[in-house]
Amino acid sequence: MTISKDTTFLVVDDLVTARKIVIRFLKRLDFHSFIEASSGEEAIKLLQHKSVDIVFCDLNLGDMTGIEVLEHLRKSPHTEEVPFIMITSDMAKHEFVEAVNKGVSDYILKPLSEKTIQDKIENLS
């Protein structure tokens, strides 16, 4: 995958502050294209009509889990190859195994840092 400053990110979290933190770090890394979703359902609907290059998604959303969002993403030919990075403050071993089995590209444990986000993006290329 080629990463450029035109890469479009979908940032999914039910907490607006958490979404803004990820976007702030991405802006500092000189990325400019972001789509936000405040729920798993919203993310799934957006992905039916919008094209994104990378998804950052919280594990614990209000309406579903990030793993469920990942499942929907992987089932669609339009999005099955989109890199998906799970964000979580704690991930039980069974959740980690399930995420890997469902095709998660990587994960980030909170607290987030600009360097961690940069490393995860670079690992995709």
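This is a short tour of a predicted model, going from one selection to the next.

**Stop 1: helix H2**

Select residues 40-49, which form helix H2. Which of its residues are buried? Gly40, Ala43, Ile44, Leu46 and Leu47 are. They sit on the same side of H2, because they cover an arc of only 165 degrees around the axis. An α-helix has 3.6 residues a turn, so residues three or four places apart point the same way. Now turn to the other side of H2. Gln48 and His49 are exposed there.

Next, show what covers the buried residues of H2. The cover includes strand E1 (8-12), strand E2 (33-37) and helix H3 (66-75).

**Stop 2: the cores**

The largest nonpolar core holds 24 residues. Select Leu10, Val12, Val55 and Phe84, the residues that touch the most other members. Then colour the elements that give two or more residues to this core: E1, E2, H2, strand E3 (54-58), H3 and strand E4 (84-88).

Centre the view on Val55. What does Val55 touch, leaving out residues up to four places away in sequence? Its contacts are Leu10, Val12, Leu73, Val82, Pro83, Phe84 and Ile85.

There is also a second, separate core, made of 17 residues. Val11, Ile23, Ile87 and Leu112 are among them.

**Stop 3: a buried lysine**

Go to helix H5 and pick Lys120. Is Lys120 buried or exposed? Lys120 counts as buried because its relative accessible area is 17%, and the cut-off for buried is under 20%. Show its surroundings. Lys120 touches Ile85, Asp106, Tyr107 and Ile108, not counting residues up to four places away in sequence.

**Stop 4: two backbone details**

Most residues other than glycine have a negative phi, and most peptide bonds are trans. Two places here depart from that.

First, select Asp30, in the loop between helix H1 (16-28) and E2. Asp30 is not a glycine, yet its phi is positive, at about 75 degrees. Asp30 is partly exposed, at 39% relative accessibility.

Then move to the loop between strand E5 (106-109) and helix H5 (114-124), where Pro111 is found. The peptide bond joining Lys110 and Pro111 is cis, with omega about 10 degrees.

**Stop 5: salt bridges**

Side chains of opposite charge can pair when their charged atoms come close. How many salt bridges does the structure hold? It holds eight. Visit three of them.

- Glu36 and Lys20: the closest N and O atoms are 2.9 Å apart. Glu36 lies in strand E2 and Lys20 in helix H1, so the pair ties together parts 16 residues apart in sequence. Glu36 is partly exposed at 27% relative accessibility, and Lys20 is partly exposed at 43%.
- Arg28 and Glu114: here the closest N and O atoms are 3.6 Å apart. Arg28 is in helix H1 and Glu114 in helix H5, which makes this a link between distant parts of the chain, 86 residues apart. Glu114 is partly exposed, at 25% relative accessibility.
- Lys110 and Asp58: the closest N and O atoms are 3.4 Å apart. This pair links the loop between E5 and H5 with strand E3, 52 residues apart. Lys110 is partly exposed at 30% relative accessibility, whereas Asp58 is buried at 6%.

How values were computed:
Residues are numbered from 1 along each chain as its sequence is written. This is a predicted model: local features need pLDDT of at least 70, side-chain atom pairs count only at pLDDT 80 or more; totals for chains, interfaces and linings use all residues. Side-chain values use heavy atoms; hydrogens and water are left out. Buried means under 20% relative accessible area, exposed over 50%, partly exposed in between (1.4 Å probe, protein chains only). Helices (H or I, at least four residues) and strands (E, at least two) are DSSP runs, numbered from the N terminus. The arc is that of the directions from the helix axis to the C-beta atoms. Contact means heavy atoms within 4.5 Å. A nonpolar core is a set of buried Ala, Val, Leu, Ile, Met, Phe, Trp, Tyr and Cys residues joined through side-chain atoms within 4.5 Å. A salt bridge is a side-chain nitrogen of Lys or Arg within 4 Å of a carboxyl oxygen of Asp or Glu.
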